[in-house]
Amino acid sequence: MLKKTISHLITYTFLYLVTAPTAHANKTPPLREKQNIAVISQPFVLDKKNPAQTKFGQLIWRGGLILSSRSPHFGGFSGLIVSNAGADLLAITDRGKWFKGKIVYENETPASLTKTYIGPLRTTKDRLFNKTGYLDTEAITQLSSRNYLIANERNHAIRMFSRKDNRPDKQVASLPLPQQMNKIRNNKGLESLDKFKSGPYKGWILTFAENDQDKNKALKGWLLKGKRTQPIYLANMGDYSITDLKILSDGSVLILERHFRFSTGLRTRIRYVKAKHIKPNAILKGEVILALASPLVTDNMEGLSVHNDAQGKLIITLISDDNFNMLQRTLLMQFELPKAIYNN
């Protein structure tokens, strides 16, 4: 009992530090150019008591890595893109940086990261994203062959960046956002976004706030295209917060969620929402396909990506935001999503 209480105290402490927006950024010397950094990769099992277990919820465990680096800029990962075949990883940090690496596999299991680089995001005036208004870069999606979109919390915004060497470089524009987004609390803003590549909403952007609720406690989101805006909601199931989402090729959506209570600690969940349920003013419910909580390994999971491996299997990759806190870790996890789930 004492051990569990201490664990929850530690969890509470590092989650509290999420609300300190600029403390780390102010103490760390600015990163002005791309740097090659050394990253240590340590494999881990999801269930320490049953290390051979591979089925978790409806997903199949592929493997995970604990990532660490001596670079003061490494960490705080809140947005993620993994390329098809799963080789190239691109993440953004909530301190206005991008991070790239190549995932090395052994028998379909992630074994290490190589060719790891980190660099700064830049504003339209070619300045660093190191001021309060530009921090908390929380989600990323590739808009086209030339551009990325990145969502900002606190100073709520969705910004377009030029694409250079398969990573975001310089801001080139901002998307028009509905006025109601100005009412979102600073630390509960946009944490997720992606673009529909097919179906009736092809070309539209789907975005949700972390934990902005309507009068019925449903979580608020928006469908965006140009100046057009349509509201959409996610049913509140257990007071989880939304930390990322990805849209699959058929228009269905995976939503990554986080829950914390002093009495229960950290929990991670993924919901799957079928494409036919996506429409303006809908209250999405979806199906929980993964739920992680102690004693299973989890952390502050904030980045979600999907890709097809060499065999065409759909792979989900998660990454955690350690808030630049020594009590937390950067975890990289991979799961297989069976076709039976998204093809029915």
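The legends below describe close-up views of strands in a predicted model.

**View 1. Strand β24 and its covered residues.**
Strand β24 spans residues 330–337 and is mostly covered, with 8 of its 8 residues buried.

**View 2. Pairing of strand β4 with strand β24.**
Strand β4, formed by residues 59–68, runs antiparallel to β24 and is joined to β24 by 7 bridges. Within this pairing, L65 has L332 of β24 as its bridge partner.

**View 3. Pairing of strand β23 with strand β24.**
Strand β23 comprises residues 314–320 and pairs with β24 over 6 bridges in the antiparallel sense. Here I319 stands opposite L332 in β24.

**View 4. An open sheet of 5 strands.**
The strands of this open sheet follow the order β1-β8-β7-β6-β5, and their pairing is antiparallel. Its edge strands are β1 (35–36) and β5 (77–82), each of which pairs on one side only.

Strand β8 covers residues 109–120 and pairs with β1 in the antiparallel sense over 2 bridges. In this pairing, Q35 stands opposite I118 in β8. Strand β1 is an edge strand of the sheet, pairing on one side only.

Conventions. Residues numbered from 1 in each chain as written. Predicted model: local features only at pLDDT ≥ 70, side-chain atom pairs only at ≥ 80, totals over all residues. Heavy atoms only, no water. Buried < 20%, exposed > 50% of the residue type's maximum accessible area, 1.4 Å probe, protein only. Helix = DSSP H or I, 4+ residues; strand = E, 2+ residues; numbered from the N terminus. Pairing = 2+ DSSP bridges.
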